[in-house]
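Hi everyone, and thanks for coming. Please take a moment to look at the sequence and the model on the screen, and then I'll walk you through it.

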Amino acid sequence: MAQVEKRGGLLRKSSASKKPLKEKVVLMYDEIFMVVAMSQTEDPSKCSPRFWEELFLMKVNLEYLEGKLESLDGEELMKIKDNINCLFQHCIQALGEEHPIRVVNALQTLCALIRGVHQKNKSTSGFDIINMLMGFDKAELCMKNLMESLDSLLCAEGSESLKSLCLKLLLCLVTVTDNISQNTILEYVMINSIFEAILQILSHPPSRREHGYDAVVLLALLVNYRKYESVNPYIVKLSIVDDEATLNGMGLVIAQALSEYNRQYKDKEEEHQSGFFSALTNMVGSMFIADAHEKISVQTNEAILLALYEAVHLNRNFITVLAQSHPEMGLVTTPVSPAPTTPVTPLGTTPPSSDVISSVELPLDADVQTSNLLITFLKYSSIVMQDTKDEHRLHSGKLCLIILTCIAEDQYANAFLHDDNMNFRVNLHRMPMRHRKKAADKNLPCRPLVCAVLDLMVEFIVTHMMKEFPMDLYIRCIQVVHKLLCYQKKCRVRLHYTWRELWSALINLLKFLMSNETVLLAKHNIFTLALMIVNLFNMFITYGDTFLPTPSSYDELYYEIIRMHQSFDNLYSMVLRLSTNAGQWKEAASKVTHALVNIRAIINHFNPKIESYAAVNHISQLSEEQVLEVVRANYDTLTLKLQDGLDQYERYSEQHKEAAFFKELVRSISTNVRRNLAFHTLSQEVLLKEFSTIS
């Protein structure tokens, strides 16, 4: 018997003497798209009454259906509009069928129709997509029926495969255009909300394990539909969700996805350390360490990060989820195969493995390190913020800092960040640098979570002083530190933190700005950043006695200012020079000049006394303790000016300052989600096997 090959909807016998045979479903598609006399189409069911009933019992040929739509030009497509409308409507009717195979095939056909017609519209803008798919006169009823059917399928107790396809159809519908706000079909998704169905998936553990990732990404995208132009019901509803199970479910899905990224990165890091690059650096020295590190590439996940942002930004109740403890995911998961070194797409939209998802809902073990969503997010941030040269990582790093800004402004978030009874060991990833050793994980102390946030900010400050200076990220980083200090000052929280590391990092940043003045001024207003840094020191000088842990910490602050006085003197000389010239930087530089008044007062007050002490005691080089002794003895005669507004800040506002960033971010997420949508994941054999057990 001759072998039968299947190719592009054709059944081809190996013998070349006979014409290729087409699958029956392909012949039926051809009937739908056939144009008869007078350039009109004819309903296929006129000749075959059971046409539509039979069509949805047959396995969908997505490739052929989309290809057929692609092959038609705009004029030809308009001629078969009535039959496309008819097919679309029969698909919606089939969603109400009892036979699940019909429902599956109808869902897949809808996906192909939506994608095919939208794809055609990119090159041919001579028709309206809603009219082409449904017809203007029937669109409202069609979409109402479609959304009600999808809502019922998502909320029913039935097949998980059907729910998966429903979510994929919705993702297809949402992401079919790059700019989702231009997708007019979504107006019907706003009117006929599926918000409650999404929440049900997130609150129900079995559904969440299977579909949580797609549900969270879908919600994040829907929230961004015309969010600045009209009232978006998904924004309104997300902002008032207070059900604990739902919010925790959403937090778990986000934590799992971020944990998977962290685990993959750690695996690759260990691969590099034990493999070729380790051997290379041992042979040649450390000169290649940075290059070796840059090759550690795991695709970032902006979609899930956007979901976290929307939850934190819109819903104050979600803040409590950040601190919900769960087992450290990386310690209890079953390892899965690592992803390819070079990602196929720059943005990650692949859900974590089911092993990861199910493992985190185990009961807590006293011997297992506990974690929470905030810790997982901080670890993720420490990875993506290492390399901001890549555009996608730059966007990820910016979004991480925006999320941290929202957290740093929230009163409740600050309460648990600074809670002495909530201590964690947070192992942040640190960029390999030649002048420092890698810290051993086991030596990390357990501290309040705010210490990890400050560590992350210090790490960023230290590691990004480079030619392509990320000014915007630096400003956000300093703002996060400032907002945390404002909370500590307001609530008199005396945090036991190694403040010297922060002071040292800030002074080194000032030195970098000064040494690269000409290059940086060509691109940035460096005085905005310099003023913020100087005012952080002013905050410590003016209010440090209310929030620094001990009197000696305040003494150490003065010691650092005096020790690094040359840097502050140089900064003063630079801003004085520019503020006395009639140039574009005059006003910005003069603000820094005025802000330096107390720092200069400290330097000018203590330096002569330290020199006098050294001369009297015949000491050429004073020790730190000797300098501190002079400082403590001369506080009384120091006069400082009271500076207003140091503990005030402008609250974060998305619409006025970040709208352009989020529009571009959502566009790239939409493109990537669409690219990664897979409708072939469910083979007909799997579906038949699953549905054969359904009564």
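With planes under 30 degrees apart the pair is called stacked, over 60 degrees edge-to-face, and the rest are tilted. By that rule, this structure holds 22 aromatic pairs. Please keep in mind that we are looking at a predicted model.

Here is one of those pairs. Phe460 and Tyr474 have their ring centres 5.0 Å apart and their planes at 55 degrees, a tilted pair. Phe460 belongs to helix α24, residues 449–463, and Tyr474 to helix α25, residues 471–491, so this pair ties together parts that are 14 residues apart in sequence. Are these two rings buried or exposed? Phe460 has a relative accessibility of 2%, so it counts as buried. Tyr474 comes out at 0%, so it counts as buried too.

Now a second pair. The centres of Phe606 and Tyr635 are 6.2 Å apart and the planes meet at 85 degrees, so this one is edge-to-face. Phe606 sits in helix α32, residues 597–616, while Tyr635 is in the loop between α33 (624–633) and α34 (654–657), so the pair ties together parts 29 residues apart in sequence. Phe606 is buried, with a relative accessible area of 0%. Tyr635, on the other hand, is partly exposed at 22%, because buried here means under 20%.

Rings can also join up in groups: Tyr497, Trp499, Trp503, Phe540 and Phe547 are linked into a cluster by ring pairs. Lys489 lies over the face of Tyr543, 4.6 Å from the ring centre, and Arg600 lies over the face of Tyr572, at 3.7 Å from the ring centre.

Let's step back to the whole chain for a moment. The protein chain has 36 helices and 7 strands. Of its 695 residues, 55% count as buried. If we take contacts between residues at least 6 apart in sequence, 78% of them join residues at least 24 apart.

Next, the inside. Which residues touch the most other members of the largest nonpolar core? They are Phe318 and Phe527, in a core of 234 residues. Helix α28, residues 526–547, gives the most to this core, with 14 residues. If we leave aside neighbours within four places in sequence, Phe527 is in contact with Leu521, Met574, Val575, Leu578, Trp585, Ala588, Ala589 and Val592.

On to charges. The count of salt bridges comes to 34. Glu53 and Arg102 form one of them, with 3.5 Å from N to O. Glu53 lies in helix α2, residues 51–55, and Arg102 in helix α6, residues 100–123, so the pair ties together parts that are 49 residues apart in sequence. Glu53 is partly exposed at 36% relative accessibility, whereas Arg102 counts as buried at 11%. These two also belong to a network of salt bridges that links Arg50, Glu53, Glu97 and Arg102.

Arg115 pairs with Glu66, and their closest N and O atoms are 3.0 Å apart. Arg115 is in α6 and Glu66 in helix α3, residues 62–71, which puts the partners 49 residues apart. At 19% relative accessibility Arg115 counts as buried, and Glu66, at 22%, counts as partly exposed.

One more bridge: Lys483 and Glu409, with the closest N and O atoms 2.7 Å apart. This pair links distant parts of the chain, with Lys483 in helix α25 and Glu409 in helix α22, residues 391–409, 74 residues apart. Lys483 counts as buried at 4% relative accessibility, and Glu409 counts as buried at 9%.

Let me finish with a helix check. Helix α35 has 18 residues, 659–676, and at 1.5 Å a residue it should span 26 Å; its end C-alpha atoms are 26 Å apart, so the two agree. Residues buried in α35 include Ala659, Phe661, Phe662, Leu665, Val666 and Ile669.

Conventions: Residues numbered from 1 in each chain as written. Predicted model: local features only at pLDDT ≥ 70, side-chain atom pairs only at ≥ 80, totals over all residues. Heavy atoms only, no water. Helix = DSSP H or I, 4+ residues; strand = E, 2+ residues; numbered from the N terminus. Expected span 1.5 Å × (residues − 1). Buried < 20%, exposed > 50% of the residue type's maximum accessible area, 1.4 Å probe, protein only. Phe/Tyr/Trp six-rings, centres within 6.5 Å; stacked < 30°, edge-to-face > 60°. Lys NZ or Arg CZ within 6 Å of the ring centre and 35° of its normal. Core = buried A, V, L, I, M, F, W, Y, C linked by side-chain atoms within 4.5 Å. Contact = heavy atoms within 4.5 Å. Salt bridge = Lys/Arg side-chain N within 4 Å of Asp/Glu carboxyl O.
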